[in-house]
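This briefing concerns the contact between two protein chains. Please examine the structure shown below before reading on.

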Number of protein chains: 2
Amino acid sequence: MSKTNKNFANRRREIAAIAEQLFLEKGYENTNITDILEATGLSKGGFYHYFGTKEEIILECIQNIAEELSTIAEKILGEQQLDAIDKCLTFMKIRDDRLQDKQEIVGIMWMVSKHDLYQSKMIELLIEAFAKPYAQLIEQGNREGLFAAECPLETATLIMRLIITSALKGPNNNSDKEKNEEKALNHLIIRTLGITQLDRVRQGGLHV
Amino acid sequence: MSKTNKNFANRRREIAAIAEQLFLEKGYENTNITDILEATGLSKGGFYHYFGTKEEIILECIQNIAEELSTIAEKILGEQQLDAIDKCLTFMKIRDDRLQDKQEIVGIMWMVSKHDLYQSKMIELLIEAFAKPYAQLIEQGNREGLFAAECPLETATLIMRLIITSALKGPNNNSDKEKNEEKALNHLIIRTLGITQLDRVRQGGLHV
């Protein structure tokens, strides 16, 4: 990326972060471009240099969140001493911790997922961000004999689609229906990956 | 449904069928409300009694297609002499035949799936239409010892989501990437359902 492109990308990211705060404080519908100009100190022309619409900011926010989580995933993937099941369990724990810590991330995801117009773009963006690290994890599991999955990238993409659309449904209030949904998804993942050491997965807190 | 509601629903269906033809002949973007008024003989007020926007007509078209296919599915499900694997293979064959016969159905699905705004609604509508018959098929397979799947309805919903989003990607031009995608999806389904008689599935034409 050239220096100019990098500056452009960084500035877009900064503006999106400020707008995200406004969306969370005032609500997405109640935040207008004028509010964003005020908070960022940009002129109207300056703002439209970076974003065409308010909806584009939302996608930028989601992309930033996805990149952040994807960086964490890459880091865990690089840890040599963990086998594939340990890495799965570490992913799950970190994801849960961060969703606890960062309620605002969860908030903005649900908010956006209510906006039909951008939902499918957002889902594709998230799948794109996570399928590759997930595929590497599947390859590791195959090498270690812990998984037996074919076509790792394509399989990762399918599973990511289900994890993401299920996460976007909003908070789980533990009804029987939701428990069955969670159980069905966990079964599907375990069977598709061909995970053999089910006891370790169960001990790690996966509802099977 | 009361008689008035039934008449309303039937009239909506008729208007949608006429509009569908226009969309396919002229293209969705190039068809405007005036064209639809002309073809249906409705006044503007008459039209808006049935539909708020052009996009609502699209959803009605998709709903009609989904109901038609879902009726076929129910009929196959009712055939006592077929076991669950025979029913799976019959579904697949009929779906392929009808997609061959009715290129316009395929055309309208791809067209709509390019319209971001309605894509996610359409997907939910199709999942809703097919998850129940698919769940009945899973239950039959479980009873017959041909499948071993838990939570049939939730599992059917997950698998339907993947089949539908994959179908909405458009025509398969048989690249290696697409072959792997198809293989990964078939694997996922076979493993999740716990299908044991793989030979019959292979002979039936499933790429495994």
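Which side chain of opposite charge is nearest to B:Glu154, and how far away is that side chain? In this predicted model, the nearest such side chain is A:Lys177, at 6.3 Å. A salt bridge requires the nitrogen and the carboxyl oxygen to lie within 4 Å, so B:Glu154 has no salt bridge, although the residue is buried.

**Surroundings of B:Glu154**
- B:Glu154 belongs to helix H8 of chain B, which covers residues 152-167.
- Not counting residues up to four places away in sequence, B:Glu154 touches A:Lys177, A:Asn180, A:Glu181 and A:Ala184.

**Extent of the interface**
- The contact involves 29 residues of chain A and 29 residues of chain B.
- About 2400 Å² is buried between chain A and chain B, and 61% of this area is on carbon and sulfur atoms.

**Polar and charged pairs**
- Two salt bridges are found across the interface of chain A and chain B.
- A salt bridge joins B:Glu150 to A:Lys183, with 3.4 Å between the closest N and O atoms.
- Eight residue pairs, both members at pLDDT 80 or more, are in polar contact across the interface of chain A and chain B.

**The side of chain A that touches chain B**
- Helices H7 (116-144), H8 (152-167) and H9 (176-193) of chain A are the elements that each give two or more residues to this side.
- H9(A) provides the largest share, eleven residues.
- By class, this side of chain A has twelve nonpolar, eight polar and nine charged residues.

Key:
Residues numbered from 1 in each chain as written. Chains lettered and ligands numbered in written order. Predicted model: local features only at pLDDT ≥ 70, side-chain atom pairs only at ≥ 80, totals over all residues. Heavy atoms only, no water. Contact = heavy atoms within 4.5 Å. Buried area = accessible area lost by both parts, 1.4 Å probe. Polar contact = N/O pair within 3.5 Å; in protein donor to acceptor, adjacent residues only side chain to side chain. Helix = DSSP H or I, 4+ residues; strand = E, 2+ residues; numbered from the N terminus. Nonpolar A, V, L, I, M, F, W, Y, C, P; charged D, E, K, R; others polar. Buried < 20%, exposed > 50% of the residue type's maximum accessible area, 1.4 Å probe, protein only. Lys, Arg positive; Asp, Glu negative; His and termini not counted.
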